[in-house]
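Subject: Structure handover

Hello,

Here is the structure for your files. My notes on what was found in it follow below.

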Amino acid sequence: MIQWKESVDAIRTDGKERLRMNETLMSLLLKLDSVPGLDPTIRETQRKVSRQIVGTHEILDAISGCGPLVLLLT
């Protein structure tokens, strides 16, 4: 729980940290797109992982105040 609070505080106060996390998420999406999806199982797994990355990006935007969601951490 303490790590989450520290991460959220860093995202809210440090623009460089937020940028670093955005770049990391985009890098993961690019790597995922480079995997050949010849098998249906691989394609489905790629879709699931892609949705998780996009969801994480939406949470990042919400934490930093750039997205439509408001998260409350207790």
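Methionine 21 is partly exposed, at a relative accessible area of 28%; buried means under 20%, exposed over 50%, and partly exposed in between (1.4 Å probe, protein chains only). Please note that this is a predicted model, in which local features need pLDDT of at least 70 and side-chain atom pairs count only at pLDDT 80 or more, while totals for chains, interfaces and linings use all residues. Residues are numbered from 1 along each chain as its sequence is written, and side-chain values use heavy atoms, with hydrogens and water left out.

Methionine 21 is found in helix α2. Leaving aside residues up to four places away in sequence, Met21 touches Ile11 and Leu60, where contact means heavy atoms within 4.5 Å. Its C-alpha atom is separated by 8.6 Å from that of histidine 57, 36 residues apart along the chain.

The fold

The protein chain has 3 helices and 0 strands, in the order α-α-α from the N terminus. Helices (H or I, at least four residues) and strands (E, at least two) are DSSP runs, numbered from the N terminus. Buried residues make up 18% of the 74 residues. Among contacts with a separation of 6 or more, 54% join residues 24 or more positions apart. The chain exposes about 5900 Å², and carbon and sulfur atoms supply 62% of that area; accessible areas come from the Shrake-Rupley method with a 1.4 Å probe, and for residues only the protein chains shown count as cover.

The core

The largest nonpolar core has 7 residues: Val8, Ile11, Leu25, Leu29, Ile53, Leu60 and Ile63. Leu29 touches Ser50 and Ile53, not counting residues up to four places away in sequence.

Is asparagine 22 buried or exposed? Asn22, in helix α2, is buried, because its relative accessible area is 13%. With residues up to four places away left out, Asn22 touches His57 and Leu60.

The pocket

The largest pocket holds about 160 Å³ of space. On a 1 Å grid over the protein atoms alone, a pocket is an open set of points with protein on both sides within 12 Å along at least five of seven lines, and lining residues have an atom within 4 Å of a point. Grid points are joined across faces, edges and corners, and the volume is the space filled by probe spheres set on the points. Gln3, Trp4, Ser7, Val8, Ile11, Met21, Leu25, Thr56, Ile59, Leu60 and Ile63 line this pocket. Each of α1, α2 and α3 supplies at least two lining residues, and α1 gives the most, with 5. By class, the lining has 8 nonpolar, 3 polar and no charged residues.

Exposed positions

Proline 36, in the loop between α2 and α3, is exposed at a relative accessible area of 54%. Pro36 and glutamine 46 are 10 residues apart in sequence and 9.8 Å apart in space, C-alpha to C-alpha. Arginine 51 lies in helix α3 and counts as exposed because its relative accessibility is 53%.

Regards

Notes:
Core = buried A, V, L, I, M, F, W, Y, C linked by side-chain atoms within 4.5 Å. 1 Å grid on protein atoms, 1.4 Å probe; cavity = no way out; pocket = protein on both sides within 12 Å on 5 of 7 lines; lining within 4 Å. Nonpolar A, V, L, I, M, F, W, Y, C, P; charged D, E, K, R; others polar.
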